[in-house]
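User: Hello! I am new to this structure and would like to learn how to read its features step by step. Could you guide me through it?

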Amino acid sequence: MATILTKQNTIANHFLAELRNVNVQQDRMRFRRNLERLGEIMAYEISKTFEYAQVEVDTPLGVAETNLILNQPVITTIIRAGLPFHQGFLNYFDGADSGFIAAYRHTKKSGEFEVHKKYQNCPNLDDKIVIVADPMLATGRSLVLCCKDLLSDYDIKELHIATVIASEEGLQHVKAFLPEAHVWVGAVDNELTSKSYIVPGLGDAGDLAYGNKE
């Protein structure tokens, strides 16, 4: 199942438009903040699917009843582009644990590439709600690799995948190989280039957030 935020008219469209805009992208701090804002919006939307329990809260004038989340999720991020997006989730799920994964593409002379996972540092994910946050979903291969490893290592209760922009091809790949996951997407773009860049996309999210890499 996939939820696409831009199918509705909300303020999320403004933040996504600024992320794509080549002029606004010159402000690196604003780019990071817009990723963070979309993480906050997705955290709010995902929170609607959680289980809640009624509790009593003492106020200066009495007792108020309210519903609170039973269990905080674990926010797992694919670095480096995912870090500001991850922070947006932590702003709302401020009691959540965090996990971090590093994956990279190894490009062959033919132009084809293989995906390798280099690093994983996570808390115990058994019986946990896990949100994997990665801003760009291009082919979906690295995301599927990372999620499959998590699912094989832990007995995860629920898996949510959050991304800002996905290609149609990448989204279908994730749906095919991770049918148990709920996918949350800011927008879906139709085109994917021969080098696996999303068009129109927004460029390289990691470079725009933190500077060009060698």
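Predicted model: local features only at pLDDT ≥ 70, side-chain atom pairs only at ≥ 80, totals over all residues.

User: What does the side chain of Asp207 meet in a salt bridge?

Analyst: In general, side chains of opposite charge can pair when their charged atoms come close. Here the side chains of Asp207 and Arg80 form a salt bridge, with an N to O distance of 2.4 Å. This pair links distant parts of the chain: Asp207 is in helix H6, Arg80 is in the loop between strand S4 and H3, and they are 127 residues apart. Arg80 has 27% relative accessibility, so Arg80 counts as partly exposed.

User: How many salt bridges does a search of the whole structure find?

Analyst: The search finds seven salt bridges. One of them joins the side chains of Lys157 and Glu51, at 4.0 Å from N to O. Lys157 sits in the loop between H4 and S9 and Glu51 in the loop between H2 and strand S2, so this pair ties together parts that are 106 residues apart in sequence. Lys157 is partly exposed at 38% relative accessibility, and Glu51 is partly exposed at 47%.

User: Now for the nonpolar side chains. How many residues does the largest nonpolar core have?

Analyst: To read a core, ask which buried nonpolar residues are joined through their side chains. The largest one here has 36 residues, and Leu38 and Phe89 have the most contacts inside it. Several elements each supply at least two residues of this core, including helix H1, strand S7 and helix H6. H2 gives the largest share, seven residues. A second, separate core has 23 residues, with Cys122, Val144, Leu150 and Leu171 among them.

User: What is Phe89 in contact with, leaving aside its neighbours within four places in sequence?

Analyst: Phe89 contacts Gly39, Glu40, Met42, Ala43, Ile46, Ile75, Ile131, Ala133 and Ala162.

User: Which residues form a nonpolar patch on the surface?

Analyst: A patch is read from the outside of the model. Ile79, Leu83, Tyr119 and Tyr210 form one, and together they have about 320 Å² of accessible area. Leu83 belongs to helix H3 and is partly exposed, with a relative accessible area of 32%.

User: And where is Ser152 found?

Analyst: Ser152 is in helix H4. Ser152 counts as exposed because its relative accessibility is 56%. A polar atom of its side chain lies 2.8 Å from the backbone oxygen of Asp149.

Conventions. Residues numbered from 1 in each chain as written. Heavy atoms only, no water. Patch = residues over 30% accessible without salt bridge, like charges linked within 9 Å, V, L, I, M, F, W, Y side chains within 5 Å. Areas by Shrake-Rupley, 256 points an atom, 1.4 Å probe, with all protein chains shown as cover. Helix = DSSP H or I, 4+ residues; strand = E, 2+ residues; numbered from the N terminus. Buried < 20%, exposed > 50% of the residue type's maximum accessible area, 1.4 Å probe, protein only. Polar contact = N/O pair within 3.5 Å; in protein donor to acceptor, adjacent residues only side chain to side chain. Core = buried A, V, L, I, M, F, W, Y, C linked by side-chain atoms within 4.5 Å. Contact = heavy atoms within 4.5 Å.
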